[in-house]
Amino acid sequence: MIQLENIRVDFAVRGQSVLAVDDVSLAIERGEVFGIVGASGAGKSTLLRVINLLERPTAGRVRVAGEDITDLRGGELRRARQKIGMIFQHFNLMQNRTVYDNAAYALRVAGKSKAEIARRVPEILRLVGLEDKAQAYPAQLSGGQKQRVGIARAVANHPEVLLCDEPTSALDLETSAAILDLLKEINARLGITIVLISHEMAVIKKICTRVAVMEGGHVVEQGEAYDIFATPQHPFTRQLVEHTLNLELPPHLVDDRQGTILKVLFLGDKAEEGVLSTASIRHGVAVNILHGKIEYIGHRAVGLLVVLLTDSPDAPAGLPFPLRLQAALSYIGSQASHVEVLHD
Ligand SMILES: Nc1ncnc2c1ncn2[C@@H]1O[C@H](COP(=O)(O)OP(=O)(O)OP(=O)(O)O)[C@@H](O)[C@H]1O
Ligand SMILES: [Mg+2]
C-alpha cells in the first residue's frame with residue numbers, strides 16, 4: 001500500500017544541515033495498522049509527513065496505492081492526497097467553525113457538491129459518535145471529542161490511508177483508549193490502512209499489527225508488534241519495552257530476601273500454562289510471585305514474572321534443597337523464553 005524507498009530528509013537550520021531521516025525504507029501493507037515508535041526528535045513526524053509529501057524527501061521514492069507520487073505537484077498532488085487522511089496530536093481544528101464545517105472542510109476542498117456534503121457530513125459524524133454535536137464549536141468539546149472531529153474530517157473523502165501523528169498524546173488514558181478503539185474500528189470496518197506514530201509502546205501494543213522503531217533518523221528495528229514487544233533485539237527497543245512493562249522492583253524486595261529471585265519471560269501458550277506451579281510441585285520448591293504481568297498483544301500473551309524460589313516445607317524427603325532447586329531452575333529454563341537470576 002505504501003512503499004518508502006531510501007528516504008532521506010535534510011533540513012537547513014541557520015546555515016546548518018540537520019539530517020532528520022536517514023535512508024529509511026518501509027513497506028506497509030494494505031489494511032494494516034503500522035506503528036512508528038521512537039524518542040523525541042527521532043524523525044517520526046518527518047517520515048510520516050513524507051508519505052503525503054507535506055515534507056518532500058531530499059532523496060528516495062514514495063509510492064502510495066501503486067502510484068509513485070514523489071514528483072507530483074499542484075493539482076495532481078492534491079488529487080493524490082485525497083487518498084491520504086491525516087490526524088494530529090493537537091487536532092488542528094478551525095476554532096471559529098462548527099463541528100459540521102470542520103468535518104465538511106475536506107469535502108469542500110475536494111470540490112464536492114452541496115448535496116453530497118449535506119449527505120456525507122452526518123454520515124461521518126455518526127461514524128465518530130458526534131451526530132449531536134454538529135453545531136458545537138471546538139472550544140465546547142472535550143479533547144476526545146475534538147480528536148473525533150479530526151478523524152471525521154480525515155476520513156471524509158474515503159481515503160485509503162490514514163496518517164496519525166501522536167493522536168492520543170494530548171488525551172487522558174481512558175479517552176486515549178476510546179480513540180484507539182475508534183481507529184481500530186475504522187481500520188477494520190472501512191479497510192483504511194493506518195500509519196500511527198507514538199512515543200509510547202503501550203499505544204503501539206494496543207492497535208498495531210507491525211512496528212518500526214526509529215532512533216536518530218534511522219529505523220533500527222521492525223517487525224510484528226508481538227515480536228518487537230516480546231523479543232526486542234535492538235538496545236533502544238529493549239529499553240522502550242522495559243519501560244512499558246515497568247517491572248522495577250523496590251531494591252529492598254530483592255536485597256533482603258533469602259532465596260533465589262528470577263525474572264522469567266514466558267511467551268504464547270507458555271504464559272498461560274502453570275510452568276511455575278509444575279516446577280514447584282515436581283521439585284518441592286516454594287514459588288512466590290513478587291511481581292508480574294501478563295500482557296496480550298493481538299490475543300497472544302507475553303508474561304513477565306519476578307519470582308522467589310525457596311525450600312518448601314512440603315518437599316519430599318530425600319534430595320537436598322540445592323539439588324531440587326537446580327532441577328526446578330533447569331525445568332523453568334526449558335519452558336521459559338528467557339530467565340534472568342536477579343539474586344541468589
Ligand atoms: N521544519 C523543520 N526544520 C528544521 N528542522 C526540523 C524541522 N522538522 C523537524 N526538524 C528536526 O528534525 C529532527 C526530527 O524531527 P521530528 O519532528 O521528525 O521528530 P519526532 O520523532 O517526530 O519527535 P517528537 O516525538 O518530538 O514529535 C529533529 O532534530 C528536528 O529538530
Ligand atoms: Mg513528532
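Trainee: Which residue in E9 does Val37 stand opposite?
Mentor: Val37 faces Val213 in E9. Keep in mind that this is a predicted model.

Trainee: Okay, and how many bridges join E3 to E9, and do the strands run parallel or antiparallel?
Mentor: Five bridges link strand E3, residues 33–38, with strand E9, residues 210–215, and the two run parallel.

Trainee: What sheet do those two sit in, and what is the strand order?
Mentor: They belong to an open sheet of six strands, ordered E6-E7-E8-E3-E9-E10, with mixed pairing. Its edge strands are E6 (84–87) and E10 (218–224), each of which pairs on one side only. On average, neighbouring strands of this sheet are turned by 15° against each other, direction ignored.

Trainee: Switching to the ligand. Which residues surround ligand 1?
Mentor: The shell consists of Phe11, Val13, Ala20, Ala39, Ser40, Gly41, Ala42, Gly43, Lys44, Ser45 and Thr46. By class, they divide into five nonpolar, five polar and one charged.

Trainee: And what polar side-chain atom lies 2.5 Å from an oxygen atom of ligand 1?
Mentor: That one belongs to Thr46. An N or O atom in the side chain of Ser45 is 2.8 Å from an oxygen atom of the ligand. There is a backbone case as well: a polar backbone atom of Ala42 is 3.1 Å from an oxygen atom of ligand 1.

Trainee: How much of the ligand's accessible area does the protein cover?
Mentor: The protein covers 59% of the 630 Å² that ligand 1 has on its own.

Trainee: Which elements give two or more residues to that shell?
Mentor: Strand E1 (2–13) and helix H1 (44–51) do. H1 gives the most, with three residues.

Trainee: Now the sheet with E12 in it. What's the order there?
Mentor: Four strands make an open sheet in the order E12-E13-E11-E14, and the pairing is antiparallel. E12 (285–297) and E14 (338–343) are the edge strands, each pairing on one side only. Neighbouring strands here are turned by 15° on average, direction ignored.

Trainee: How many bridges join E12 to E13?
Mentor: Twelve bridges join E12 to E13, residues 300–311, and these strands run antiparallel. To pick out one pair, His291 has Val306 in E13 as its bridge partner.

Trainee: Which strands does helix H11 touch as it packs on this sheet?
Mentor: H11, residues 275–283, touches E11 (260–267), E12 and E13. Its direction makes about 165° with that of E12.

Trainee: What about H12, which strands does it lie across?
Mentor: H12, residues 321–335, lies across E11, E12, E13 and E14. Its direction is at about 175° to E13.

Definitions and conventions:
Residues numbered from 1 in each chain as written. Chains lettered and ligands numbered in written order. Predicted model: local features only at pLDDT ≥ 70, side-chain atom pairs only at ≥ 80, totals over all residues. Heavy atoms only, no water. Near = heavy atom within 4 Å. Polar contact = N/O pair within 3.5 Å; in protein donor to acceptor, adjacent residues only side chain to side chain. Areas by Shrake-Rupley, 256 points an atom, 1.4 Å probe, with all protein chains shown as cover. Nonpolar A, V, L, I, M, F, W, Y, C, P; charged D, E, K, R; others polar. Pairing = 2+ DSSP bridges. Axes fitted to C-alpha atoms, helices over the stretch in contact; angles between N-to-C directions. Contact = heavy atoms within 4.5 Å.
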